[in-house]
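User: I am new to this structure. Please walk me through its charged residues.

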Amino acid sequence: MTTISQVFTKGIIAENPVFRLLLGLCPVLAVTMTAINGFGMGIAALFVLLCSNIVVSLIRGVVPPRVRIPAFILIIATFVTIVDLVLNAFAPGLHEALGIFIPLIVVNCMIMGRAEAFARKNTVGRSIVDALGMGIGFTLALTVLGIVREILGMGTAFGVDITGAAFEPMALFASPPGAFIALGILLLVFNLIIKRLGFE
Amino acid sequence: MRDSLKMALTLLVIGAVCGGLLSVVNAITQPIIEKRSIEDLREAMGDFFPEMDAVEEREIDGEMYYEIFDAGGDFIGVVGEVTASGYGDEPIRYNLAVDSDGEVVGLRIDSHTETPGIGDIIEKEDFQSDIIGLSFDDPIALDQDVDTVSGATVTMRGMVSSIRRVVDTIGMEFLGLEVEVVEIDPADVDDGTYTGTGSGFADDVTVEVTVSGGEITDIVVVEHNDTQSYFEQAEAEMPGRIIEAQSLEVDTVTDATASSEGIIEAVNDALN
């Protein structure tokens, strides 16, 4: 049995959903044009993951195994719609920037994966810790990717000009192909660090 | 049997709880969302016309136009809540403000899916300052009074032709201005079939006009990119009206004004 702190840290480092498991890459690549978008998407996914893990864990044993997948999807879709409506009402700028990728959190395999692989077999407490670990890992990855792409693509980070006028922004990094390149480089760096630090 | 019943019931209960939760959240957020979008528009209209006091709505060809009046009840301009088709999947939604003299006084891009770093040029100062100050009598065309930006041709073309159309609509529907049509007498035109284009609602309209014995005998629409349900109303009426009158000074079809104007312009172009 893994300890509760291991449950938490594995989501951030050893099993980071983006850098280690390469899960849910569609929003990872699509919305990380800027640091704030990456961070917002990460938080939205974290919220959905947390809620779905709690509910899935609560109803474990009640839902017949053969209909668990449709049940999970119903639960996840409900929380995603709530996030969509709440963002639209209270954070319209972010809602517009994330666009279609909010509804698409429904099919984010990280969330489905945690429900299936963890929450349905574990207590509510452990499921919450798991969701927090995975969600924070996901948010960190998206934010880092967003920062890198924003600096290279626009010369700013979180909207603050940091490179000065001498730097000519590379528009490539603000576009989808740049997302692949930036993610590739980050995967290299992250995996190198993990190997060096001996997390494997 | 008992198993299937249990499965169905479980899903039913989960579905019902989820549905109930969503309707609560929707009831809370819906008024806020609606209020905000109206506020956004009002704010934009207030920026365009600081002396705005009252607003009257009017729908033309499926788009909303807002007539703006000042505190004295005088008409000061119109704001259109309109769309253009660009390079992205979604139309470019924008607001265009035209004052009572037919001059563009404001442009605000509401939402678009143009390529970041390329098509989003329409949000930049350079493009906006190109557009603001143009008026009904100007060509409002690429390379004439609006600079083309290389790499963003599709976005620019869609945007500029849409602005031309909106300025035309506002000019004709609200300001009583008229597009000058150089009237062609079919009697002066040699027999034959001629092709011409005009600008419709979304994009160019192309027609083939047949002239025989000094009379327009047939008008066929070859190509258009307008919304079918609107365009077909224009397509059904306009050729008949023009042939009957043997003139381009015919009434346009209500609800399909831009498409109708497009057909008239295209016939005019063909005969020239």
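The model is predicted.

User: How many salt bridges are found over all chains?

Analyst: The search covers the whole structure. One of the pairs is Arg108(B) with Asp110(B), with closest N and O atoms 3.4 Å apart. Over all chains, the count is 11.

User: Which residue forms a salt bridge with Glu173(B)?

Analyst: Glu173(B) lies in helix H3 (residues 153-173) of chain B, and its partner lies in strand S1 (residues 52-60), so the pair ties together parts 115 residues apart in sequence. The closest N and O atoms are 2.8 Å apart, and the partner is Arg58(B).

User: Is Arg165(B) buried or exposed?

Analyst: Arg165(B) forms a salt bridge with Glu63(B), the closest N and O atoms being 3.0 Å apart. Glu63(B) has a relative accessible area of 6% and is buried. Buried means under 20%. Arg165(B) has a relative accessible area of 5%, so Arg165(B) is buried.

User: Which helix gives the most to the negative patch?

Analyst: The negative surface patch is formed by Glu96(A), Asp40(B), Glu43(B), Asp47(B) and Glu123(B). Glu123(B) lies in the loop between strand S5 (104-111) and helix H2 (125-131) of chain B. Three residues come from the helix that gives the most, spanning residues 2-48 of chain B: helix H1.

User: Which residues of chain A are linked with Lys10(A) in a network of salt bridges?

Analyst: The network includes Lys10(A). Linked with Lys10(A) are Arg114(A) and Asp130(A).

Conventions
Residues are numbered from 1 along each chain as its sequence is written. Chains are lettered from A and ligands numbered from 1 in the order in which they are written. This is a predicted model: local features need pLDDT of at least 70, side-chain atom pairs count only at pLDDT 80 or more; totals for chains, interfaces and linings use all residues. Side-chain values use heavy atoms; hydrogens and water are left out. Patches are made of residues with over 30% relative accessible area and no salt bridge: like charges are joined within 9 Å, nonpolar side chains (Val, Leu, Ile, Met, Phe, Trp, Tyr) within 5 Å. Accessible areas come from the Shrake-Rupley method with a 1.4 Å probe; for residues, only the protein chains shown count as cover. A salt bridge is a side-chain nitrogen of Lys or Arg within 4 Å of a carboxyl oxygen of Asp or Glu. Lys and Arg count as positive and Asp and Glu as negative; His and the chain ends are not counted. The place of a charge is taken as NZ of Lys, CZ of Arg, CG of Asp or CD of Glu. Helices (H or I, at least four residues) and strands (E, at least two) are DSSP runs, numbered from the N terminus. Buried means under 20% relative accessible area, exposed over 50%, partly exposed in between (1.4 Å probe, protein chains only).
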